Amino acid sequence: MQAVVNHATRNKRDVVALQPDINKNTVCEIYDAVRVKNDWAIVRAGSDGHDNYYVYIPKRESWLAASTYKAASIRNHRQSLADLLSKSGRTLLKEQWLFNIDKTNILQLTWLSMKDVNREDFTAGELKSHLKPLNDRVRGRDRLMKKKS
């Protein structure tokens, strides 16, 4: 399953729409969205109101705009990414085939989602470091199950 990459016409930013349901492949989709980005790139997420999430890399905004009239929107998008990371971690934690190192990565991802969304953004580098091992495990497991059947 591949994430769909669209180009938002209004903001000129890359948007990756995720599958409607949050499952074990959500971690892989988020990782695919940030895999090739610079480690210092800011990552945010949003929802369209029907629990359809999307992940995006915002364009640069001025410090003044970010602290005044855009503050509520930015905070909501940070919170959406934190919720998405937390939900996908909880969903993945239910799988029986995880090793202890995978559970540790999920707990680190959950801990990362507890960031202060009023002040801090999520960067692609910190997401990549926690999502890569989980992505490898999920895709490896999928390949193994396809091979068995």
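This is a predicted model: local features need pLDDT of at least 70, side-chain atom pairs count only at pLDDT 80 or more; totals for chains, interfaces and linings use all residues.

Reader: Is K87 buried or exposed, or in between?

Author: Buried means under 20% relative accessible area, exposed means over 50%, and partly exposed lies in between (1.4 Å probe, protein chains only). K87 has a relative accessible area of 30%, so K87 is partly exposed. A contact means heavy atoms within 4.5 Å, and, not counting residues up to four places away in sequence, K87 touches I22 and Y53.

Reader: Which residues does L92 touch?

Author: L92 also has its place in helix α3, and with a relative accessible area of 1% it is buried. Residues up to four places away in sequence aside, L92 touches K24, V27, W97, L98, I106, L134 and V138. Between L92 and T104, which are 12 residues apart in sequence, the C-alpha to C-alpha distance is 12 Å.

Reader: How many helices and strands are there in the protein chain, and in what pattern do they follow?

Author: The protein chain has 5 helices and 5 strands, and along the sequence they follow the pattern β-β-α-β-β-α-α-α-β-α. Its radius of gyration, taken over C-alpha atoms, is 16 Å, close to the 15 Å that the globule rule gives for 149 residues, so the chain is as compact as a globular protein of that length; the globule rule is 2.2 Å times the number of residues to the power 0.38. Of the 149 residues, 42% count as buried. Among contacts between residues at least 6 apart in sequence, 66% join residues at least 24 apart.

Reader: Where is confidence lowest and where is it highest?

Author: The score to read is pLDDT, the predictor's confidence in each residue, from 0 to 100. The protein chain averages a pLDDT of 84, and 91% of the residues score at least 70. Confidence is lowest in strand β1 (residues 4-7), with a mean of 47, and highest in α1, at 91. Over residues 5-12 pLDDT stays under 50, and for these residues the model has 11 contacts beyond four places in sequence.

Reader: Why is α1 called largely enclosed?

Author: In α1, 10 of the 10 residues are buried, so α1 is largely enclosed by the rest of the structure. Its buried residues, among them C28, I30 and Y31, pack against β2 (14-17), β3, β4 (53-56), α3 and α5.

Reader: Which residues touch the most other members in the largest nonpolar core?

Author: In soluble globular proteins, nonpolar side chains tend to be buried together. A nonpolar core is a set of buried Ala, Val, Leu, Ile, Met, Phe, Trp, Tyr and Cys residues joined through side-chain atoms within 4.5 Å. The largest one here has 31 residues, of which V43, V55, L81, L84 and L127 touch the most other members. Two or more residues come from each of α1, β3, β4, α3, α4 and α5, and α1 gives the most, with 6 residues. Apart from neighbours within four places in sequence, L127 is in contact with V34, V43, L81, L85, L112 and F122.

Reader: Which residues is N135 in contact with?

Author: N135, in helix α5, counts as buried because its relative accessibility is 6%. Neighbours within four places in sequence aside, N135 is in contact with V27, C28 and Y31. K132, also placed in helix α5, is partly exposed, with a relative accessible area of 39%.

Notes: Residues are numbered from 1 along each chain as its sequence is written. Side-chain values use heavy atoms; hydrogens and water are left out. Helices (H or I, at least four residues) and strands (E, at least two) are DSSP runs, numbered from the N terminus.
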